[in-house]
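Here's a friendly tour for anyone meeting this structure for the first time. Take a look before reading on.

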Amino acid sequence: MEKAKISGPQLFVLMFMFNMGTAVVVNYGIGANKDAWFAVLFGMFNGIALFFIYYRLFIHYPKLPLTGYSREIAGKHLGWIIGLLYILYFLHITTRQVRDFSELLVSSTMTKTPLLVIVITFVFVICYVLYLGVEVLARTAQVFIAILFTFGIVANFFILISGNLDFQNLRPFLEHGWKPIVTTTFLETIHFPFGEMVVFTMLLPYLKHPSSVKKTWVSALILSGFILSWTVCLNIAVLGVEVVERSTFPTLTTIGKVNLLEFIQRLDALVVFSMMITVFFKGAIFMYGAVIGIVDLFKLKNHQQVIFPVGGIIIISAIIIAPNFPAYLEEGRDGLRYMVYLFFLIFPLIMLVISAIKKRFK
Amino acid sequence: MKSTWGRLFKKKKEKNQDLEDKVGFSFEQVLSPSLCENIHFIKKTLGNSGDLIISEFKLGKPWLNKSASIYINGLTDKELTGHFIIEKLMADASIIDDDSWSPNQLGTYVKEHILSIPHVEMITELQKLFSFLLSGQTIVLIDGWTMACACSSQGGELRSISEPTIETSVRGPKESFTESLITNTSLVRRRIKSPNLWLETQKLGNITQTQIGIMYINGIVNEKLLNEVKERLNKIDVNEIQGSNSIEEWITDETFTPWPTIFVTERPDVVTGNLLEGRIAIFVDGTPIPLVVPATWNQFFITAEDYYLKWLMTSFLRVIRIVSFLFTLLGQAIFIAFVSFHPELIPTPLLINIAAQRQGVPFPIIFEALLMELTFEVLREAGVRMPRPVGQAVSIVGALVLGEAAVSAGIVSSAMVIVVAATAIASFTIPHFLMTDAVRLLRFLMIFLAGVFGIYGIGIGVILLVAHTVSLRSFGVSYLSPFAPFIVNDQKDAILRLPILFTQRGFHFFSNIRKGK
Amino acid sequence: MQRLYLFLILIFSLICLSGCWDNVELKELSIVSGIGIDKGGDSDENRYSTTVQIVNPSQVAGGQQGGKVQSAPVTSFTATGSTLKEALRKISHKVSSQLFFPHVQVMIIGEELAKEGILELFDLIERDPSFRVLFPIVIVRGHTAEDALKITTPLVPIPSMKIVDSLESSEKIWSEYPISRVDQIIPRLNKGSFSITGININGEVAIGNKTENTQQIYQTANLEIKGLALFKEGKIETWLENESARGVMWVKNQMEQTVVTLDCPKKKDAITIDILRAHSDIKINIKNEKPVINMTIVTLGSVSETQCNLPLEKNKTIIELEKQLSEEIKEEVLKTMKTAQDRKIDVFGFGNNINIEDKKYWKKIESTWEDEIFPETEININVLTTIRRTGMRINSYIE
């Protein structure tokens with residue numbers, strides 16, 4: 001555990017960028033067709049409910065990360081195993097983020113570059129920043145949030161005045177009823193990205209003022225939820241729901257449609273940059289969660305020893321987890337979306353119940 | 001690998017030791033009562049230097065007591081030495097009209113009644129004697145007395161206070177520091193008449209014995225910071241201190257970074273402002289450019305002029321500076337990235353023009369960029385070295401003519417020339433030369449990354465750079481405050497300068513520095 | 001620590017030594033400004049015949065970069081293949097460098113191919129990242145796309161850009177034929193009916209092919225935007241021209257500015273009204289299980305030319321003119337409607353409006369909408385016009 005401390009606003013910034021992650025560019029929530037934006041909001045509300053589980057656990061054990069109090073609650077050996085499972089989960093999601101971003105880059109602009117090169121450089125950058133410590137990560141986030149906001153506002157502004165917007169594309173509301181919304185929420189939006197915030201339970205012990213957790217977490221959740229919903233809304237309005245269903249990176253296509261005054265066109269770079277920033281932070285936080293877990297479970301001295309080896313693992317896994325992009329998406333659709341329930345809901349809930357019972361009987 | 005490095009370092013240390021022993025400057029002795037012996041010793045140590053002036057005379061009516069005054073020609077104010085020391089000694093000592101005075105009494109009488117110099121110190125060790133003698137003080141020796149009087153008579157030819165050459169201003173004061181430590185500290189004292197402005201002096205450098213002064217405002221400055229600075233200065237054990245740069249490299253935090261972590265300036269008003277923020281100024285005798293620690297990144301984008309203009313103008317200018325900074329850093333890289341990796345992202349008419357220009361050029365774009373960059377750097381260096389009247393002409397003519405000719409010959413494309421020239425001009429808006437140097441180096445890194453990976457490379461470069469900068473600390477204060485960690489209050493003077501109404505106490509405040517974070 | 005530096009150096013050299021894959025030199029790129037697709041042959045191997053129009057930058061760019069021989073600003077090449085991508089690739093052995101598609105300005109489809117169906121042509125454009133989807137499509141009448149890409153144009157050296165410019169000004173000023181962009185067409189491909197603007201070649205292709213064509217004051221061979229092709233199930237059904245085409249613009253709310261001529265008591269088509277703004281609202285009511293389309297068109301105009309002496313100083317005249325204008329517009333729209341209904345093509349997208357209005361009803365009738373219900377649908381058109389001004393004069397000098 002480092003001696004560094006993060007402040008409330010820094011945590012907010014980290015959480016916000018984490019939530020933006022890949023969701024802001026990728027095909028998100030489209031299972032609910034024209035009501036995808038609503039599914040996102042619904043997922044957000046569920047995320048708030050989830051937060052309270054993590055919050056209670058945090059209050060009981062304010063100085064321990066998730067892997068720490070899993071051992072306290074479930075006993076040394078079982079808790080250790082649970083911690084290990086979490087580490088694997090974090091590593092897997094980090095790999096997915098890296099792979100996602102590399103695929104975006106290769107399929108949209110740098111078509112001939114081999115995947116390995118982008119993966120290596122990206123992971124290297126993440127490792128470098130994490131090596132410098134979590135406080136550096138938080139401060140870098142503070143600097144980049146300004147850049148991200150600027151890009152976001154500029155891009156939104158141009159899309160809004162480009163004349164491509166047709167909100168009629170979102171009507172009729174509830175075209176296929178409530179079922180698609182509910183299925184999409186519980187299969188996609190509740191986990192990605194709101195349930196994934198469970199990784200922040202590993203970072204909470206670093207907070208300078210633990211009392212600000214509730215404010216920070218919930219406000220980051222709500223803000224990112226609204227912005228994601230708005231982005232999905234925009235995409236459908238500009239492109240129409242069929243195109244969004246079939247695209248791999250709808251936001252990129254949307255920004256590609258902006259053509260004003262003959263020279264404000266082809267603004268893809270803005271979206272690519274934004275995604276680079278957000279995926280960087282998401283990947284870095286997940287990797288850091290895994291690293292803290294490893295340091296905690298294996299009782300290592302400091303996190304710097306394991307950063308680069310873990311980076312190596314990520315590089316290799318990013319290449320081998322899927323042979324091609326449709327297989328990668330399929331794995332996410334068919335396998336992952338059920339497994340993750342274990343991590344963001346079932347384990348914490350069980351742990352909360354057990355710890356409540358323990359406290360009751362003390 | 002380790003042993004090779006180790007061997008290299010070891011050798012150096014031994015060499016140093018040798019030199020020190022030969023030229024060492026430590027005497028354990030004290031003055032002997034015999035005047036002749038003392039004079040002889042002093043002459044011998046100084047190798048009979050031609051500027052060592054020893055005048056012997058006799059004190060007292062019976063002209064019995066031999067005494068001598070010693071000073072180094074050029075370091076002292078001769079008028080002072082003549083009128084207030086030698087004349088006084090010769091004239092007023094006539095009160096001593098018998099020889100019942102012991103040398104001690106005589107010496108004390110001389111010090112307390114005769115010498116009318118403001119600061120006279122009695123010394124016994126030869127170490128101190130040489131130290132004072134070589135600082136420009138006059139030594140008065142009396143035969144039989146084991147002490148000597150060191151009178152402060154520093155003077156000599158020094159450059160007078162002139163206009164600043166690097167940091168000029170239109171509306172502000174036009175004084176700049178000189179090479180004399182005392183003059184410099186006095187310039188600051190004139191602006192801060194508070195008794196809390198403290199000055200601590202010490203001598204560094206075994207051979208050069210350069211005087212160093214630390215100035216700070218007690219009460220504003222952070223104790224930990226002060227101790228850190230003093231500690232680092234004390235650790236310096238070197239033979240020469242020439243100019244503030246040598247100290248800079250010894251006390252700086254990290255050497256492996258392009259960013260300057262110590263601020264330098266030649267204006268007293270800038271130093272004043274910095275002291276009021278809780279920083280510490282380090283003056284080095286012989287250099288007109290003191291150091292200011294700790295340094296933060298945005299200090300290098302502020303000029304003295306900012307505080308003499310209206311707030312709207314200042315904010316505007318600062319924003320322009322930061323935008324040009326970004327442009328200098330990334331401009332060429334972006335151009336290269338777009339033209340060679342992502343031509344689909346350039347609007348069509350522009351692309352056709354650029355494509356037409358590149359038709360005849362034989363080199364790949366990176367090579368062109370590096371060629372132009374290096375040419376510019378060479379021209380810049382050449383312009384600096386040439387004598388003043390010719391220098392300007394060379395750089396302008398060189399740039400224009402070379403650029404034109406290169407384009408016509410088909411070696412480079414005109415778009416590239418424009419980009420290079422624009423980035424060079426943008427780099428001149430950065431107020432501080434240390435920052436410009438940093439940018440010039442970083443630019444090459446960015447160009448390289450852009451040439452290898454296109455926009456992705458630029459993104460990676462920016463992330464690495466930001467992470468590196470954010471982790472820097474200058475004497476314990478984070479380099480990028482007040483941006484990261486974000487301190488709302490300090491934003492009033494960070495990029496935009498808000499009008500005085502918003503800032504309760506005036507312009508200068510950096511709470512981070514006062515807290516020492 | 002040493003090992004770390006070693007590792008870093010290894011990575012660094014890995015990156016440097018392996019070279020840059022995506023690095024392209026502009027000299028190696030042939031910027032394609034226009035693509036033409038025609039019917040190739042009858043066998044599967046040469047289904048499509050594609051033509052590309054490549055820009056010659058040194059002839060087009062501003063500024064003299066080494067005065068070379070005056071050659072044409074663009075060059076065109078053709079090849080055939082079984083899929084579009086194959087045909088495009090085959091062109092590369094005639095061209096000296098790599099084809100670069102992101103700057104395609106226009107896509108021209110030959111009428112013959114359009115008659116057989118164009119549904120399959122767009123997958124490549126959507127899927128390939130180097131195709132930006134913002135360019136317009138046009139259909140060539142009576143000639144092949146290959147021919148259309150050979151015609152030189154005055155004022156704008158690159159013919160593809162000239163076509164786009166003509167489309168834009170046509171849409172803005174005359175508002176007769178809309179620009180149909182690829183991204184607007186693609187969502188409607190499967191639903192069935194859509195419309196694409198057409199171009200004609202006037203004059204001889206052989207003359208148009210030469211640069212002398214543009215060096216004369218009057219070009220004997222030129223390209224003209226004319227005709228609106230209506231598609232059903234991806235095949236051309238019919239062409240609309242002039243006022244009928246304009247009717248589509250009125251209904252789809254794409255009308256920007258145009259000119260309508262009205263009759264004088266003594267002369268036909270003697271008064272010109274400038275239409276400054278137009279807006280159409282469509283409301284659908286479902287009566288007795290049948291949809292009723294209520295359209296309201298609101299326009300603003302001003303009198304710009306008269307050939308008879310109307311007493312324009314009287315308000316009564318203006319009101320008369322307004323009534324006339326409304327009638328005229330209504331007739332145009334009705335004519336268009338009739339053609340569309342006769343041909344069973346719902347070009348206007350009324351189906352979508354019904355979906356928005358009442359989604360349950362739409363689900364029921366979706367499959368039979370175009371062929372059975374649409375031709376019988378009742379359409380009510382209400383036109384509200386306002387004429388505000390008469391220009392710099394009130395009454396004409398004509399007696």
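## Ground rules

This is a predicted model, where local features need pLDDT of at least 70, side-chain atom pairs count only at pLDDT 80 or more, and totals for chains, interfaces and linings use all residues. Residues are numbered from 1 along each chain as its sequence is written, chains are lettered from A and ligands numbered from 1 in the order in which they are written, and side-chain values use heavy atoms, leaving out hydrogens and water.

## Chain C at a glance

Chain C has 15 helices and 13 strands; these are DSSP runs numbered from the N terminus, with helices being H or I of at least four residues and strands E of at least two. Its C-alpha atoms fill a box of roughly 90 × 60 × 60 Å along the principal axes.

Of its 399 residues, 50% are buried, meaning under 20% relative accessible area, with exposed over 50% and partly exposed in between (1.4 Å probe, protein chains only).

## Cis peptide bonds

In chain A, the bond from A:Phe192 to A:Pro193 is cis, with omega near 5°. A:Pro193 sits in helix α7 (residues 179–194).

Chain B has a cis bond joining B:Val293 and B:Pro294, with omega about -10°. B:Pro294 is in the loop between β10 (291–293) and α10 (311–341).

## Asparagines with positive phi

B:Asn48 isn't a glycine, yet its phi is positive, about 55°. B:Asn48 is exposed, at 58% relative accessible area.

C:Asn253 also isn't a glycine, and its phi is about 65°. You'll find C:Asn253 in the loop between α11 (242–251) and β10 (258–262) of chain C, partly exposed at 36%.
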